[in-house]
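Please read each point slowly and find the named parts for yourself before going on.

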Amino acid sequence: MKRIPISIIAALFLIAPAIAVSAGNAAEGKNKSVVCHACHGETGQSLQPIYPNLGGQHQDYLSKTLYGFRDGSRQNAIMNGFAANLSDADIEDISAWYASQKGLVEIKDK
Amino acid sequence: MRIRKALFILLLCLLSVNAFAAGDYEAGKIKAYTCTGCHGIAGYKNTYPMYHVPRIGGQNAEYLVIALKGFKSGERNHSTMNLQAEALSEQDIQDIAVYLAAQTDTSGD
């Protein structure tokens, strides 16, 4: 068996957290999204039609939206309050969770 | 008699609101053609900043109406969407929302 140089393994451990933060961890996001479930549902099927479905939405669109609610560039009385308490990692994780669920699709050109 | 007349007018108002609120799927299909230019292309991205254009097929109609009205009024900011929504009538918005909400699968027919 070929031995993998320890330096490469060490490098992977150094890089892994950075990748995990930018990519978002869906499992973590599932736990962190509990407060979202009341309106948007656990899998992103919202409980009331005035709230958007999130399941299957693009991850980067979800995170961009949450960053926007957090910094106030997008205004919504409910969402500004919730997003204010989220860290970058929270936003990436929650976005990864809902993006990994099913629901929304691209529309057809017909 | 006066009260009756008032009630009758009120009823007419309610009816017109209902008629207004009902979106038409077939009309929406035609009116939503422009939307496919961005929202119908898998993986299509917004630039500056760069992010995927949101998936809107299967979104709740009521939410889509709120979103489009937000873009129309300027409450929500996105240059392309503000321009697109500006041109839409109340009825257009209702029709488009009903059509988009009914989209569930991009693979079939």
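This is a predicted model: local features need pLDDT of at least 70, side-chain atom pairs count only at pLDDT 80 or more; totals for chains, interfaces and linings use all residues.

1. **Chain A as a whole.** The secondary structure of chain A consists of six helices and zero strands, and reading along its sequence gives the pattern α-α-α-α-α-α. Chain A has 110 residues, of which 36% count as buried. If we take the contacts in chain A between residues at least 6 apart in sequence, 68% of them join residues at least 24 apart.

2. **A helix pair in chain A.** Helix α4 of chain A, residues 59-71, packs against helix α6 of chain A, residues 88-99, at an angle of about 140 degrees, and the two axes are 8 Å apart. An angle counts as roughly antiparallel when it is over 145 degrees, and α4(A) and α6(A) are therefore oblique to each other. The crossing in which α4(A) passes α6(A) is right-handed. On the α4(A) side the meeting residues are A:Q59, A:L62, A:S63, A:L66 and A:Y67, while α6(A) brings A:I91, A:E92, A:I94, A:S95, A:A96, A:Y98 and A:A99. Sorted by class, this contact has eight nonpolar, three polar and one charged residues.

3. **A closer look at A:Y98.** Leaving out residues up to four places away in sequence, A:Y98 touches A:G44, A:L54, A:G55, A:Q57 and A:L62.

4. Helices α4(B) and α6(B) pack at an angle of about 135 degrees, and their axes are 8 Å apart. That angle makes α4(B) oblique to α6(B), and α4(B) passes α6(B) in a right-handed crossing. Here B:A61, B:L64, B:V65, B:L68 and B:K69 of α4(B) meet B:I93, B:Q94, B:A97, B:V98, B:L100 and B:A101 of α6(B). The classes in this contact come to nine nonpolar, one polar and one charged residues.

5. In soluble globular proteins, nonpolar side chains tend to be buried together. The largest nonpolar core in this model has 17 residues, and those that touch the most other members are B:A32, B:L64, B:L68, B:I96, B:A97 and B:L100. Both α4 (61-73) and α6 (90-101) of chain B supply at least two residues of this core, and the largest share, seven residues, comes from α6(B). A second, separate core has 13 residues, among them A:Y61, A:A83, A:A96 and A:Y98.

6. **Where the chains touch.** How many residues of chain B are in contact with chain A? There are 26 residues of chain B in contact with 20 residues of chain A. On the chain B side, two or more residues come from each of α3 (36-39), β2 (51-52) and α4, and α4(B) gives the most, with four residues. By class, the side of chain B that touches chain A has 11 nonpolar, 11 polar and four charged residues. One residue to look at here is B:L100, which, apart from its neighbours within four places in sequence, is in contact with A:I107 as well as with B:A32, B:I56, B:G57, B:Q59 and B:L64.

7. **A stretch of backbone to check.** The peptide bond from B:Y48 to B:P49 is cis, with omega near -5 degrees. B:P49 lies in the loop between β1 (45-46) and β2 of chain B, and B:Y48 has its place in the loop between β1 and β2 of chain B too. Phi of B:Y48 is near 50 degrees, which is a positive value in a residue other than glycine. B:Y48 is exposed, because 5 other C-beta atoms lie within 10 Å and a residue counts as exposed at 12 or fewer.

Note on methods. Residues are numbered from 1 along each chain as its sequence is written. Chains are lettered from A and ligands numbered from 1 in the order in which they are written. A nonpolar core is a set of buried Ala, Val, Leu, Ile, Met, Phe, Trp, Tyr and Cys residues joined through C-beta atoms within 7 Å. A residue is buried if 20 or more other C-beta atoms lie within 10 Å of its own, exposed if 12 or fewer, and partly exposed in between; C-beta atoms are placed from the backbone. Two residues are in contact if their C-beta atoms, placed from the backbone, lie within 7 Å. Axes are lines fitted to C-alpha atoms, for helices over the stretch in contact, and angles run from 0 to 180 degrees between N-to-C directions. Angles under 35 degrees count as roughly parallel, over 145 as roughly antiparallel, 65 to 115 as roughly perpendicular and the rest as oblique. A crossing is left-handed if the near helix is turned anticlockwise from the far one by less than a right angle, and right-handed if clockwise. Ala, Val, Leu, Ile, Met, Phe, Trp, Tyr, Cys and Pro count as nonpolar, Asp, Glu, Lys and Arg as charged, and the others, Gly among them, as polar.
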